[in-house]
Amino acid sequence: MAQQVRGVIAPGKDQPVRVETIVVPDPGPGEAVVRVQACGVCHTDLHYKQGGISDEFPFLLGHEAAGVVEAVGDDVTDVAPGDFVILNWRAVCGRCRACRRGRPWYCFDTHNAKQRMTLTDGTELSPALGIGAFAEKTLVAAGQCTKVDPAVSPQVAGLLGCGVMAGLGAALNTGNVGRGDTVAVIGCGGVGDAAVAGARLAGAAQIIAVDIDDRKLDKARTVGATHTVNSRDTDPVEAIRDLTGGFGADVVIEAVGRPETYRQAFYARDLAGTVVLVGVPTPEMKLELPLLDVFGRGGSLKSSWYGDCLPSRDFPMLVDLHLQGRLDLDAFVTETIELTDVEKAFERMHHGDVLRSVVVL
């Protein structure tokens with residue numbers, strides 16, 4: 001029987017979000033209903049609110065979440081009611097050409113729940129990244145649920161569902177940071193700081209954090225940066241070269257998603273080094289580089305989709321590392337809030353006042 005719960009919707013482009021009653025249907029085949037316990041406020045949710053993702057309003061926002069499976073539909077075998085899970089927005093199909101080649105983190109046919117949640121008048125909602133977790137309960141594809149150790153706090157576990165995983169994975173999976181490497185991270189928001197933490201976890205010898213905000217640089221030091229560069233005052237390319245013996249970093253992770261910062265990343269890497277783009281650009285952005293420099297510097301230019309993560313592999317491992325005290329996920333939580341505070345959290349995000357606000361239900 002369908003349930004009615006509270007949830008946060010974005011009714012139209014640039015309109016304030018509001019709490020509404022959401023109708024959550026019973027799970028159909030391959031689906032699950034999850035009682036949400038915590039959900040991070042991610043910049044992607046703000047993009048949805050601003051109409052930067054699509055115009056399929058109204059949106060049910062929220063996607064960086066953890067909770068408990070309440071019910072499952074037919075043909076669901078990987079999770080069961082009572083399981084504590086982290087939600088992900090790339091449920092792999094297991095059948096596409098990427099999955100068949102043993103690279104499921106590149107799955108080209110990820111999927112979401114078939115049914116739609118609605119308002120009480122029947123208006124269909126578009127769930128953010130196929131999740132819609134700024135709600136007391138949500139309907140997802142069962143493949144979007146990854147079972148993890150329930151000893152972990154929901155408010156930190158949920159962060160692995162998006163931003164923190166994107167940054168950790170950019171370093172660990174896409175960048176293949178190794179022991180003794182030099183790493184630079186440009187942009188020290190939630191994703192950038194997670195990349196710093198990932199580089200530290202991988203054993204990088206030197207981790208250079210770059211940003212224009214000293215508050216963010218101070219935070220980057222707490223999660224593993226060995227050096228910081230304020231690029232408002234200093235040329236970051238020259239600073240990174242100076243700190244690496246004149247060579248540049250082995251791996252440079254660009255966590256901003258702008259042409260000018262990407263150029264900085266490109267020229268701040270060592271010969272045969274790696275650039276990882278994990279910051280998300282907007283559709284109109286263009287990049288121009290001398291092709292001879294692309295050829296002459298060698299190495300790899302990579303983009304990182306969701307940290308190239310495989311949730312079934314990465315989420316349990318990272319939760320275990322956190323519980324062992326080797327990965328401080330608590331450092332990413334600036335504040336916990338209620339559903340009614342989401343609009344204020346967007347404002348604080350815009351002003352750079354928070355690393356992550358987390359809705360706790």
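View 1. Helices here are DSSP runs (H or I) of at least four residues, numbered from the N terminus. In this predicted model, helix α7 covers residues 236-243 and holds both Glu-238 and Arg-241, which sit three residues apart, about one turn of the helix. Their side chains meet in a salt bridge, 3.7 Å from N to O. Glu-238 is partly exposed, at 39% relative accessible area, and Arg-241 also counts as partly exposed, at 22%.

**View 2. Arg-356 paired with Glu-64.** Here's one of the twelve salt bridges in the structure: the closest N and O atoms of Arg-356 and Glu-64 are 2.8 Å apart. Arg-356 is in the loop between α11 (342-350) and β18 (357-360), while Glu-64 belongs to strand β5 (residues 64-72), so the pair ties together parts that are 292 residues apart in sequence. Both partners are buried.

View 3. Asp-353 forms a salt bridge with Arg-215, with 3.2 Å between the closest N and O atoms. This one links distant parts of the chain too: Asp-353 is in the loop between α11 and β18, Arg-215 is in helix α6 (residues 214-222), and 138 residues separate them. Asp-353 is partly exposed at 42% relative accessible area, and so is Arg-215 at 47%.

**View 4. An arginine patch.** Arg-97, Arg-100, Arg-101 and Arg-103 gather on the surface in a patch of positive charge. Arg-100 lies in helix α2, residues 97-100, and counts as exposed because its relative accessibility is 62%, with the cut-off for exposed being over 50%.

Notes
Residues are numbered from 1 along each chain as its sequence is written. This is a predicted model: local features need pLDDT of at least 70, side-chain atom pairs count only at pLDDT 80 or more; totals for chains, interfaces and linings use all residues. Side-chain values use heavy atoms; hydrogens and water are left out. Patches are made of residues with over 30% relative accessible area and no salt bridge: like charges are joined within 9 Å, nonpolar side chains (Val, Leu, Ile, Met, Phe, Trp, Tyr) within 5 Å. Accessible areas come from the Shrake-Rupley method with a 1.4 Å probe; for residues, only the protein chains shown count as cover. A salt bridge is a side-chain nitrogen of Lys or Arg within 4 Å of a carboxyl oxygen of Asp or Glu. Lys and Arg count as positive and Asp and Glu as negative; His and the chain ends are not counted. The place of a charge is taken as NZ of Lys, CZ of Arg, CG of Asp or CD of Glu. Helices (H or I, at least four residues) and strands (E, at least two) are DSSP runs, numbered from the N terminus. Buried means under 20% relative accessible area, exposed over 50%, partly exposed in between (1.4 Å probe, protein chains only).
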